[in-house]
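The text below walks through the structure one region at a time.

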Amino acid sequence: MAIEITHVRFTGYEKNHESIVRYKWRNPADGTTGDNDKPTLVDWVDKNGEAYVGSGTQRARVGVVRPSNTQAYLRTYADSTWTNNLLSLPIF
């Protein structure tokens with residue numbers, strides 16, 4: 001199953017990848033929707049779950065970033081570069 005992340009929720013005032021606490025998503029194969037907290041979705045992606053942002057040529061895959069000084073978080077990865085697509089999504 002692959003999901004498209006469509007919305008994000010931040011904690012506090014700072015809007016960066018580390019401060020995202022929830023992700024809203026949809027499964028384009030069957031139309032189901034849901035939302036998960038950061039640890040749950042990081043774990044799912046770690047276990048070979050496929051997530052992405054956007055569609056068509058604007059589609060960017062989501063990967064896990066593991067900094068040494070804080071908890072793991074999700075970030076998009078396109079053309080061999082970490083990108084900011086998640087920060088451009090609507091907030092829910």
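Is tyrosine 13 buried or exposed? The model is a predicted one. In it, tyrosine 13 has a relative accessible area of 83%. Exposed means over 50%, so tyrosine 13 counts as exposed. This residue is found in the loop between β1 and β2.

Now turn to the interior. In soluble globular proteins, nonpolar side chains tend to be buried together. Here the largest nonpolar core holds 18 residues. Within that core, Ile5, Val8, Tyr23, Leu74 and Leu86 touch the most other members. The largest share is that of β1, with 4 residues.

Select leucine 74 to see part of this packing. Beyond four places in sequence, leucine 74 touches Ile5, Tyr23 and Leu86, among others. Its contacts also include Leu41, Val42 and Val45. Val62, Gly63 and Val64 are on the list of leucine 74 as well, and so is His17.

Next, the helix. Which residues of α1 are buried? They are Lys38, Leu41, Val42 and Val45. Viewed down the axis of α1, these buried residues fall within an arc of 105 degrees, so they line one face of the helix. What do they pack against? Their partners are β1, β2, β3 (33–37), β4, β5 and β6 (73–78).

Follow the chain out of the helix. How accessible is asparagine 48? Its relative accessibility is 72%, so it counts as exposed.

Asparagine 27 lies in the loop between β2 and β3. Is asparagine 27 buried or exposed? At 5% relative accessibility, asparagine 27 counts as buried. Its side chain reaches the backbone nitrogen of alanine 29 at 2.9 Å. Leaving aside neighbours within four places in sequence, asparagine 27 is in contact with Met1, Ala2 and Thr32.

The rings come last. A pair of aromatic rings is described by the distance of the centres and the angle of the planes. The count comes to 1 aromatic pair. Tyrosine 77 and tryptophan 82 form that pair, with 4.7 Å centre to centre and 65 degrees between the planes. Planes over 60 degrees apart count as edge-to-face, so this pair is edge-to-face. Tyrosine 77 is partly exposed, at a relative accessible area of 26%. Tryptophan 82 also counts as partly exposed, at 36% relative accessibility.

Which ring does arginine 9 lie over? Arginine 9 lies over the face of phenylalanine 92, at 4.2 Å from the ring centre. Arginine 59 lies over the face of tyrosine 52, at 3.5 Å from the ring centre.

Conventions:
Residues are numbered from 1 along each chain as its sequence is written. This is a predicted model: local features need pLDDT of at least 70, side-chain atom pairs count only at pLDDT 80 or more; totals for chains, interfaces and linings use all residues. Side-chain values use heavy atoms; hydrogens and water are left out. A nonpolar core is a set of buried Ala, Val, Leu, Ile, Met, Phe, Trp, Tyr and Cys residues joined through side-chain atoms within 4.5 Å. Buried means under 20% relative accessible area, exposed over 50%, partly exposed in between (1.4 Å probe, protein chains only). Helices (H or I, at least four residues) and strands (E, at least two) are DSSP runs, numbered from the N terminus. Contact means heavy atoms within 4.5 Å. The arc is that of the directions from the helix axis to the C-beta atoms. Rings of Phe, Tyr and Trp (its six-membered ring) pair if their centres lie within 6.5 Å; planes under 30 degrees apart count as stacked, over 60 as edge-to-face and the rest as tilted. A charge sits over a ring if NZ of Lys or CZ of Arg is within 6 Å of the ring centre and within 35 degrees of the ring normal. A polar contact is a pair of N or O atoms within 3.5 Å; within protein, one must be able to donate a hydrogen and the other to accept it, and residues adjacent in sequence count only if both atoms are side-chain atoms.
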